[in-house]
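Me: I am new to this structure. Could you show me how to read some of its features?

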Amino acid sequence: MTNTPTAAPVSPAGAADPSRWLRVHHPRASAAARLVCFPHAGGTANAFTALSAALPEDVELLAVQYPGRQDRRGEPCAQDLSELASGVAQALAGYDDRPLFLLGHSMGALVAFETARLLEERGTVARLFVSAARPPAQDWQEPDLSLVGDEELTAGLRRLGGIPEPLLADPEIAAEILRLLRADHRALLRHRCAPDTRVAAPVTVLLASADPKNSLEQMADWARHTAGGHEVAALSGGHFSLLERPGESAPPLTRRIREDLARPAAAAASAAPDAEPLADLVRELMMEGLAGRTPRLSTDLTALEAAAGEVMAPEAFAYVSGTAGSGATGRANRTAFDRRQLLPRMLRGTRRTDTSVTLFGQRLPVPVLLAPLAAQQVAHPEGESATARAAAATGVPMVVSTFASRTLEEVAGAAGDHPRWFQLYLPSDRAVGESLVRRAEASGYGAIVVTVDATHLGFRPAELDSGYSPFLRGTGIANFTGDPAFRAGLPADADATQAVLRWAQISTDPTLTWEDLAWLRGLTRLPLLVKGVLHPDDARLALEHGADGVVVSTHGGRQLDGGVSSLDALPAVRAAAGADVPVLMDSGVRTGSDVVKALALGADAVLYGRPYVYGLGLDGQRGVEHVLRCLLTDLGLALALTGCASLADVGPHLLANGDRR
């Protein structure tokens, strides 16, 4: 596209003529990984020169050179994108000595996607980065450039940026740019991709804040094209931000590459044959004790509430710990667990236990997810961001509340590629509800958990007596104030008070019916769970109206005083849902033994609530990690001591007679 000399071709032994396709601007013999970069329509390998220079020494950039340009000008341009993908995949045949990461910009994202599919036939791609590009199966709504005159097309290039003005002002260079652009665009228009086409590699979408061609909503469908997880990383600038701001683009790329490189080593270490994970925390604390050091927080997870009450602001503690009315439902939740007893089994050889569970096709490391507790900033300034980092560090998926004090995008950023779900309170303004769902899809959330038991606020004396609501003070409404559909309903000069008032008007909808669930089902392809089910008939209705699973929940005893406990309601809901429908439960879970009891009565997994927020209030991220490490250690030991090598061994037979209902 320009007269700039190209970088030296590369040619590893055994490769199928890679020198035609790959350029190395800055060779790095000791690099731990390679980043293969695919240029935009009309672009060349030189587009990535600055980005290559900005990367650290442990990442080597290979820039793809399409036919028909610069040193390949004598070759015809490709007729379709699959032709380009096939050429690059063959050229990369000799590059199997280090992990490969693929990055495509604009049209190059589609070429990178198709290349990843080909490479995965003989191996794996560590991660796919896509920049300024809509998903493969989506209509890009691009015009036929053969019908666009040179002046109009050049004016469009100036508006979009990415090409220095001196190049566009040079007639010869400008003509070459337009030739390549039209040729590549013809290949782009021919490209077709089925909606269910996927790569195994995780996908990171790089989205520039001022890109006139792409929006967050358009990026949502990238989630359906990967089996490895999906996330969105924000960049500042326009459509060519990746190339024009290499100093800003390189750090997030490098950070993600290094995290992916570290993960297999960590996984291998944890799976070593001589590892004894059940004893890790116990041994660690005992060794600390020999040195005269004791844990910062108690390992008794039932004692954390009292400890948090000593350090949290009284009104904040009342909000987190409070229950409805006399607290009867909250007490019933705990009594139901205490009433049931586990039957230990001996000499089963359970040195190691497999705690993994598959939900909606995704393998999760533990049958525990963090429950969606709102406004966590009342417990700690970092709120849900600290919780997300702790969840990722301990392997526990997180369910993020609509009423979080950090936006769902911020929480996704803190969680990285760790599994996460989004809990939805469906607003009365359906445009806001749809926007929340689209944002969750675009940010890599793996399921939508719609809460149905809080369309009316419960009568909670602890909150009422203190006259405290975090939401009316602006905490817990970040997902609304940061939402374009919500802001569209505000005056242009709206202040914080007006935003809070609008939130109070539309944040929940007391008129919801099962038909609204059917509407939500039609809105998203993500798995849909209904949270707040206690009656077996409601479980049937949820499934009839499109739910993929249910969560048996009393909302932690915060809604109906004197109601049935979740654990007591669980067996009937499981029977109504059937054996193949995911059934989760929450409310009252405190210990690893509690988790085993819930699984024995039919739950596939549990949502774990207040204790982790008490840990957050006591010691931030470290406090949450401590709580979860204690819970998972207790869970593994409870499984081992009941003779269970895996969750498949758990059933009603683990409970003493009379405790199985």
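This is a predicted model: local features need pLDDT of at least 70, side-chain atom pairs count only at pLDDT 80 or more; totals for chains, interfaces and linings use all residues.

Me: How do I read a salt bridge, and how many salt bridges does a search of the whole structure find?
Reply: Start with the general idea. Side chains of opposite charge can pair when their charged atoms come close. Here, the search of the whole structure gives 39 salt bridges.

Me: Which residue forms a salt bridge with Asp568?
Reply: Arg340 does, with the closest N and O atoms 3.0 Å apart. This pair links distant parts of the chain, 228 residues apart. Asp568 sits in helix 23 (residues 566-577). Arg340 sits in the loop between helix 13 (328-339) and strand 9 (357-359).

Me: Is Arg340 buried or exposed?
Reply: Arg340 is buried, because its relative accessible area is 3% and buried means under 20%. Asp568 has 29% relative accessibility, so Asp568 counts as partly exposed.

Me: Where do Arg438 and Glu434 lie?
Reply: Both lie in helix 16 (residues 430-442). They are four residues apart, about one turn of the helix. Glu434 is partly exposed, at a relative accessible area of 28%.

Me: What about Glu248 and Arg245?
Reply: Their side chains meet in a salt bridge too, at 3.9 Å from N to O. Glu248 is partly exposed, with a relative accessible area of 28%. Arg245 is partly exposed as well, at 38% relative accessibility.

Me: Which residues are linked in a network of salt bridges?
Reply: The network links Arg127, Glu231, Arg256, Glu259, Asp260 and Asp417.

Me: Now strands. Which way do the residues of strand 16 point?
Reply: The general idea comes first. In a regular strand the side chains alternate between the two faces of the sheet. In strand 16 (residues 549-552), Gly549 and Val551 point one way. Val550 and Val552 point the other way, and all are buried.

Me: Which strands pair with strand 16?
Reply: Strand 15 (residues 528-533) runs parallel to strand 16, and four bridges join them. Val533 stands opposite Val552 there. Strand 17 (residues 583-585) also pairs with strand 16 in the parallel sense, over three bridges. In strand 17, Met585 is the bridge partner of Val552.

Me: How does the chain cross from strand 15 to strand 16?
Reply: The chain passes through helix 22 (residues 536-544), and this β-α-β crossover is right-handed. Strand 16, helix 23 and strand 17 also make a right-handed β-α-β unit.

How values were computed
Residues are numbered from 1 along each chain as its sequence is written. Side-chain values use heavy atoms; hydrogens and water are left out. A salt bridge is a side-chain nitrogen of Lys or Arg within 4 Å of a carboxyl oxygen of Asp or Glu. Buried means under 20% relative accessible area, exposed over 50%, partly exposed in between (1.4 Å probe, protein chains only). Helices (H or I, at least four residues) and strands (E, at least two) are DSSP runs, numbered from the N terminus. Two strands pair if DSSP finds at least two bridges between them. A crossover is right-handed if, with the strands pointing away from the viewer, the path from the first strand over the helix to the second runs clockwise.
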